[in-house]
Amino acid sequence: MTLGESPEATEALDAANLVILALDLLEQRRHRSGDLVQATLSAQKAVLCGEFRCWLHSGQILLSGPRQERRQAVVDSLVPHQSYNVTLRCGTLEHFWKWGDWSTIVKFLTKGDIPDALDVWMQVKANQSFIIWKTPLANQSHGHIIDYEVTWSNPTETGTDSRTKVDKNRICLSLDVTKEHIVTVTARNINGSSPPSTIIIPASAKISERMNTSWIVGQNGTFHLSWSASASATCGYTVDWCCTLGQCEVDWVKVPLNVTNIRIISKKLKAGVRYTVSVYACTPGAPTLLERREGYVTEKKIEDDLFKSLKWKQRDSDVEVSWDRVHLREQPAFIQGYVLHCVSINNNTVSVSTDEPEATSLTARNLNITSYTFIVKARTSAGEGGATIITATLNSLTDNLLKPVLISLTAAFGLLCLVTILCTRHWLCIKHKVYPSIPKPELMGKWPTFLSCTRGIVFPNPSYNPFAQAGGQAFSSGPEAQVGPPSESGADGYQPQSDTLSQPSKQPM
C-alpha cells in the first residue's frame, strides 16, 4: 500500500501493523568544511496512520511527524569514501511503546576526497635522517593512496629544493648534518594531494646534545609518562619511543599544549625489551628535546648463564669472583645489583651482595680451606636470575707462602746469573776501572856519572858500599838502605855516610 491510498484504508489499519520502510539514497554532497558528508535518504513506504516516527539503527530519529509532511531526512557527519549500512523502524505516537520490525539493510558508499594531512615525524641516526609518517587509515585516506611525495630543502639556500616519490611510509635522507632542513610530505589519491605536512630537521649540533637518561617503570604492559610544562612549547608536545638497541621503527604520539602526561599503549611494545622514551616540545622551528627515559613495559627474569668469563682469585682466605660487564642486549630487566653464593663441599653457604649495577666483582672473606661452588646472580624486580656457576678448591696458607718464596728465589738466581754474565763479558773493562795498572818506579833528576849498582839499588857515592866488607866479602845479612830524602847534602849532592857503615868492623883477636 502506497502513500496515495485512500484515508479509509488508512483508518482501518491497526497501529501495531506497521509497514517496513525501504530506503533509497537520493543525494550525497560534501560540506565546504572538508570533513563531513551529507546523505539524503528517501522513505518509499510509510506508516499510514496519523502521526509517526522512525529511528535509524543507531538510535537517531530520522523521520518524525505527519505522514504527508516528511518522507526523507539528511544524515551528516559521514566520512568520505566510507561504506555505511542504514536500516529503519517506525511506530505511531499513539502507541509509542510499539515498534515495527527493522527494515532491510541499505548499503551505500560516500564519495571520495583528497587525503587528510599526514602525521609526520623524524628519527636521526648519525648522518642519516629518517622521515616517517603514519599510514592513513581508511577514514583518513578517503580512497586508495597512490604514492607519497617528499620535498626537502635548506632554508638558508634558495632554489635547492629536492623532491622524490615513494610508495612506503618512510624515507631515509642523507642530509648535511651541520645545517637545518625543512621536509614536507604529501599523500596522493585519485582525488588529489593532501595538505602538506612539514617537519624541520635540526642541525646535528642540537641533536647531539647529551641529556641525562632516567628510568621509567612500565605497568601492565604500558608506560605512564608525565613531564613538566615547557615555555618553549608553542604547539604541543611529541612523545616518541623505540628500542634502545637493535633495529626498531620509532613510534610516536602528539599531544595538545595543555597536556603534560600520557599513557603509552601499543601492541608493538614487547616484554623484556628496553625502550627509549623521549619528550619533545613542538616549536615554530625544529622540535626541542625536553627529557629522555629508558625502561621496560614488563621486566622478565634473566635466563641462566648470564655472566661470561667468570673468574676467581684467592687472596689468603678471601676469594674474589669477577666477570665481564653485562651488555644491555642481555638485560631483559633493570639490574639492581648482584649476589654471590659460596657453597662449600659441606653445603655451608656464605652469601655476599652489592647494590651497584655497574659492579664486575664480589669478594667473599674468611672462607675455610676447602672446595666451593660459586654462584653469581643478578638481582632485578623480577627476582634473582642469570645464575652462572664456577667451582674451585682453595689452597692452604702454607702453599700460598711457598709460592712467593719460590718466585723470589727464582728471581734472585736469575738476577745473579745475569750479573755474572755481564761481568764476564766486560771483565777487562771492569778490571781497568777497579784495579788500574801501577807504573814501575823511575828515578828522575840529574845524577853523577859514576854509579855503583848492587841488587837494583843505586848509591850516589861510589866509595860507599854497605854490602862490602874488608877483604872484599859481603855481609851475610841483607842491606839496609835509607830510602827518602837525605837529611844533609853537600853542594854536589853528596850525603856523608855514618862511620858504622863506612868502616869495616874489627875482628876479634
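Which side chain meets Arg325 in a salt bridge? The partner is Glu358, at 2.5 Å from N to O. This is a predicted model, and every value below is computed from it.

## Salt bridges

The count comes to 11 salt bridges. Three of them are described here, including the pair of Arg325 and Glu358.

Arg325 and Glu358 link distant parts of the chain, 33 residues apart. Arg325 sits in the loop between S25 and strand S26 (337-344). Glu358 sits in the loop between strand S27 (349-354) and S28. Arg325 is exposed, with 56% relative accessibility. Glu358 is partly exposed, with a relative accessible area of 48%.

Arg365 and Asp318 form another salt bridge, at 3.3 Å from N to O. Arg365 lies in the loop between strand S28 (361-364) and strand S29 (371-380), and Asp318 lies in strand S25 (residues 318-322). The pair therefore ties together parts that are 47 residues apart in sequence. Arg365 counts as exposed, at 55% relative accessibility. Asp318 counts as buried at 18%, because the cut-off for buried is under 20% relative accessible area.

Glu149 and Arg163 meet in a salt bridge too, at 3.5 Å from N to O. Here both partners are in strands: Glu149 in strand S11 (residues 147-153) and Arg163 in strand S12 (residues 162-166). Their positions are 14 residues apart in sequence, so the bridge ties those two parts together. Glu149 is partly exposed, with a relative accessible area of 26%. Arg163 is exposed, at 52%.

| Salt bridge | N to O distance |
|---|---|
| Arg325 and Glu358 | 2.5 Å |
| Arg365 and Asp318 | 3.3 Å |
| Glu149 and Arg163 | 3.5 Å |

## The disulfide and other cysteines

How many disulfides does the structure hold? There is 1. A disulfide is a covalent bond between the sulfur atoms of two cysteines. The partners in this model are Cys235 and Cys282, with sulfur atoms 1.8 Å apart. The link is left-handed, with -85° about the S-S bond.

Cys235 and Cys282 are 47 residues apart and link distant parts of the chain. Both lie in loops. Cys235 is between strand S18 (223-226) and strand S19 (237-243). Cys282 is between strand S22 (275-281) and strand S23 (288-296).

Are these two cysteines buried, exposed or in between? Cys235 is partly exposed, with a relative accessible area of 45%. Cys282 is also partly exposed, at 26%.

Two further cysteines are buried. Cys243 has 15% relative accessibility and counts as buried. Cys342 is buried with a relative accessible area of 0%.

## The sheet around S19

Which strands make up the open sheet? Its 5 strands run in the order S17-S23-S22-S19-S20, with mixed pairing. The edge strands are strand S17 (213-217) and strand S20 (251-255), and each pairs on one side only. Neighbouring strands of the sheet are turned by 25° against each other on average, direction ignored.

S19 stands between S22 and S20 in that order. Towards S22, 7 bridges join the two strands, which run antiparallel. Towards S20, 5 bridges join the strands, and these also run antiparallel.

Individual residues show how the strands line up. Asp240 stands opposite Ser278 in S22.

Why is S19 described as largely enclosed by the rest of the structure? The reason is burial: 7 of the 7 residues of S19 are buried.

Ile430 is partly exposed, with a relative accessible area of 30%.

Note on methods:
Residues numbered from 1 in each chain as written. Predicted model: local features only at pLDDT ≥ 70, side-chain atom pairs only at ≥ 80, totals over all residues. Heavy atoms only, no water. Disulfide = S-S within 2.5 Å. Helix = DSSP H or I, 4+ residues; strand = E, 2+ residues; numbered from the N terminus. Buried < 20%, exposed > 50% of the residue type's maximum accessible area, 1.4 Å probe, protein only. Pairing = 2+ DSSP bridges. Axes fitted to C-alpha atoms, helices over the stretch in contact; angles between N-to-C directions. Salt bridge = Lys/Arg side-chain N within 4 Å of Asp/Glu carboxyl O.
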